Amino acid sequence: MLPARTYSDYEITEALAIIDRALTEKRGEYYYEEVLLKRVLPGESDTGTCEECNENIDAGWIDSEDVYPSGDDGPEFHPGCVCEEEYKEGRRRVYV
Ligand SMILES: [Zn+2]
């Protein structure tokens with residue numbers, strides 16, 4: 001008989017994640033990957049917000065390693081740009 005072994009919550013969570021991912025991959029579906037996301041927030045100044053940045057703002061949360069629709073990886077997008085940038089942790093579906 002094997003000696004009794006106590007598993008920590010961390011070990012159990014890790015083991016379940018590995019099993020879940022293996023089953024998902026076996027079904028030919030996807031798994032989730034931790035990813036850092038970013039988005040543009042319209043800043044404000046005496047002249048208001050920048051209209052030329054609406055496309056970047058409308059893009060919403062994107063992968064922090066991607067570029068915004070304007071082709072830039074962050075503000076300032078143009079001289080006098082008042083936009084700000086925000087980051088958060090997120091999950092992304094990775095198809096296998
Ligand atoms: Zn701007």
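Read along the sequence, this chain follows the pattern α-β-α-β-β, and that gives two helices and three strands, where helices (H or I, at least four residues) and strands (E, at least two) are DSSP runs numbered from the N terminus. What you see is a predicted model, in which local features need a pLDDT of at least 70 and side-chain atom pairs count only at pLDDT 80 or more, while totals for chains, interfaces and linings use all residues. Residues are numbered from 1 along each chain as its sequence is written.

Let me take confidence next. The pLDDT, which is the predictor's confidence in each residue on a scale from 0 to 100, averages 89 over the chain, and 99% of the residues score at least 70. Confidence is lowest in H1, with a mean of 87, and highest in helix H2, residues 54–58, at 95.

Now the overall form. The radius of gyration, taken over C-alpha atoms, is 21 Å, whereas a compact globule of 96 residues would have one near 12 Å, the globule rule being 2.2 Å times the number of residues to the power 0.38. Along the principal axes, the C-alpha atoms fill a box of roughly 75 × 30 × 15 Å. Buried residues make up 6% of the 96 in the chain; here a residue counts as buried if 20 or more other C-beta atoms lie within 10 Å of its own, as exposed if 12 or fewer do, and as partly exposed in between, with C-beta atoms placed from the backbone.

Helix H1 covers residues 9–26, and at 1.5 Å a residue its 18 residues should span 26 Å, which agrees with the 26 Å between its end C-alpha atoms; the expected span is 1.5 Å times one less than the number of residues. None of these 18 residues is buried, so H1 lies largely in the open. After H1 comes Gly28, with a positive phi near 70°.

Two strands are taken to pair if DSSP finds at least two bridges between them. Strand E1, residues 30–41, is joined to E3 by twelve bridges, and to E2 by two. Going through some of the partners in E3, Tyr30 is bridged to Tyr95, Tyr31 to Val94, and Glu33 to Arg92, while on the E2 side Lys38 has Ile62 as its bridge partner.

Strand E3 itself is hardly covered, since the count of buried residues among its twelve residues is zero. Two of its residues illustrate this. Glu86, which is placed in E3, is exposed, with 10 other C-beta atoms within 10 Å. Leaving aside neighbours within four places in sequence, Glu86 is in contact (C-beta atoms, placed from the backbone, within 7 Å) with Lys38, Arg39 and Leu41. The C-alpha atoms of Glu86 and Leu37, 49 residues apart along the chain, are separated by 8.3 Å. Lys88, also in E3, residues 84–95, is exposed with 11 other C-beta atoms within 10 Å, and its C-alpha atom is separated by 19 Å from that of Pro69, 19 residues away along the chain.

Not counting residues up to four places away in sequence, Val40 touches Cys53, Asn56, Ile57, Tyr68, Pro75, Cys83 and Glu85. Across the chain, residues 24 or more positions apart account for 66% of the contacts with a separation of 6 or more.

Glu76 lies in the loop between E2 and E3. For background, most residues other than glycine have a negative phi, and most peptide bonds are trans.

Technical notes: Contact = placed C-beta atoms within 7 Å.
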